[in-house]
Amino acid sequence: MVTLSPNLQAKLSQPLKIDSFEVKSRVLQSPLSGVTDLVFRRLVRRYAPDSMMYTEMVNATGLHYVKQLPKIMEVDPNERPISIQLFDCRPDFLAEAAVKAVAEGADTVDINMGCPVNKITKNGGGSSLLRQPEVAEAIVREVVQAVDVPVTVKTRIGWNDQEITILDFAKRMEDAGAKMITVHGRTRAQGYNGNARWEWIARVKEVLSIPVIGNGDIFSVEAAVKCLEQTGADGVMCSRGTLGYPFLVGEIDHFLKTGELLAPPTPIQRLECAREHLQALWEYKGDRGVRQARKHMTWYAKGFVGAADLRGKLSLVDDVNQGLDLIDRAIENLVQNGYEPELEADSSFALV
Ligand SMILES: Cc1cc2nc3c(=O)[nH]c(=O)nc-3n(C[C@H](O)[C@H](O)[C@H](O)COP(=O)(O)O)c2cc1C
């Protein structure tokens with residue numbers, strides 16, 4: 001049984017204020033490279049119309065050398081609120097990229113200071129900025145100067161267990177002009193392993209005045225409420241929990257606003273969503289979209305008899321109609337086997 005304390009409920013009923021920009025939801029969809037394109041965000045937004053969403057991270061140096069904006073930076077004019085996330089270590093290129101992000105429609109510009117991937121950190125971007133706080137500060141100052149939308153930062157708690165520097169780092173970001181910080185409660189060395197250490201998010205919240213968003217291991221309404229209760233954070237950001245499950249942000253938002261738990265989608269509803277996702281990715285990106293859709297479809301195909309077999313087939317799809325047929329046949333099978341219309345209340349989907 002999930003419940004919200006009255007204090008928390010009162011706080012969460014207020015909009016999230018990112019400087020002068022107000023967001024009517026305390027639940028955010030994180031940036032996920034290779035996932036949170038315009039198509040995915042449209043699905044998430046159907047269930048969470050008020051939530052802040054993020055593009056995949058965009059390389060500012062890359063942007064400096066190209067005329068045309070990359071597809072990952074594309075924003076639908078109707079999708080708000082939206083943040084474009086940038087990564088790099090060069091303040092000048094990031095400032096230039098931020099101007100382009102605002103021209104594309106970004107309500108806020110987010111700087112990635114948490115990515116653990118070698119390719120990014122060896123060039124001075126992502127979480128390596130935790131080890132170069134002066135550079136991170138210079139980045140925030142220069143980007144703030146360049147644009148008139150709020151500049152925000154997403155980071156981790158430190159480089160490794162010996163260097164948990166987030167308290168000093170977060171304060172520096174605030175002093176440099178960041179208007180919100182999202183803290184993923186893991187070190188860079190942890191990657192995505194072990195538990196997110198929400199206790200550090202609580203400590204960051206104690207030392208900052210700008211909003212602090214808790215991130216890491218928000219896989220359910222229950223986890224979101226626990227994180228908000230334990231950290232005092234101003235909101236939560238969902239990440240891996242949304243893979244194959246674009247319903248999560250909306251489920252949490254609905255609970256925070258009403259105190260009601262929504263019934264989880266049935267396997268059939270999830271497969272219908274997979275179908276729509278595949279079709280839309282194909283329309284948006286052609287064959288490349290179909291290849292990208294493989295992983296999404298395997299994430300959706302969970303929690304019913306025959307799911308493993310279906311995942312194996314979906315992971316090899318290279319033609320849109322082949323994928324649609326596989327999904328249609330799986331839906332028919334579920335209907336024939338009496339999976340309609342609803343799941344038992346305690347059914348849960350283990351995602352990721
Ligand atoms: C596939 C994948 C792609 C990601 N891409 C980004 C990204 O582009 N920018 C970013 O700031 N974080 C990125 N992250 C990190 C997530 O936003 C989030 O901080 C992390 O997964 C922790 O949350 P979780 O434990 O709920 O998954 C990515 C994570 C995954 C698994």
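Trainee: Which loop holds Asp 319?

Mentor: This is a predicted model, where local features need pLDDT of at least 70, side-chain atom pairs count only at pLDDT 80 or more, and totals for chains, interfaces and linings use all residues. Residues are numbered from 1 along each chain as its sequence is written, and side-chain values use heavy atoms, with hydrogens and water left out. Helices (H or I, at least four residues) and strands (E, at least two) are DSSP runs numbered from the N terminus. On that numbering, Asp 319 sits in the loop between helix H13 (307-314) and helix H14 (320-336).

Trainee: Is Asp 319 buried, exposed or partly exposed, and at what relative accessible area?

Mentor: Buried means under 20% relative accessible area, exposed over 50%, and partly exposed in between (1.4 Å probe, protein chains only). By that scale Asp 319 is partly exposed, at 35%.

Trainee: How many of the residues of strand E8 are buried?

Mentor: Start with the neighbours: two strands pair if DSSP finds at least two bridges between them. E8 pairs in the parallel sense with strand E7 (residues 108-113) over 5 bridges, and with strand E9 (residues 180-187), also parallel, over 6 bridges. E8 (residues 151-158) is largely enclosed by the rest of the structure, because the buried count is 8 of the 8 residues.

Trainee: Which residue in E8 is the bridge partner of Asn 112?

Mentor: Look at the parallel pairing of E7 and E8. In E8, Asn 112 has as its bridge partner Lys 154.

Trainee: How far apart in sequence are the parts tied together by Lys 11 and Asp 234?

Mentor: Their side chains meet in a salt bridge (a side-chain nitrogen of Lys or Arg within 4 Å of a carboxyl oxygen of Asp or Glu), here at 3.9 Å, N to O. Lys 11 lies in helix H1 (residues 6-12) and Asp 234 in the loop between helix H9 (221-231) and strand E11 (235-238), so the tied parts are apart in sequence by 223 residues.

Trainee: What relative accessibility does Arg 41 have?

Mentor: Arg 41 forms a salt bridge with Glu 79, the closest N and O atoms being 2.6 Å apart. Glu 79 is buried, with a relative accessible area of 6%. Arg 41 counts as buried too, and its relative accessibility is 0%.

Trainee: Which residues are linked with Glu 137 in a network of salt bridges?

Mentor: Glu 137 and Arg 141 both lie in helix H6 (residues 133-146), 4 residues apart, about one turn of the helix. Their salt bridge has its closest N and O atoms 3.4 Å apart. The network links Glu 137 with Arg 141, Asp 168 and Arg 172.
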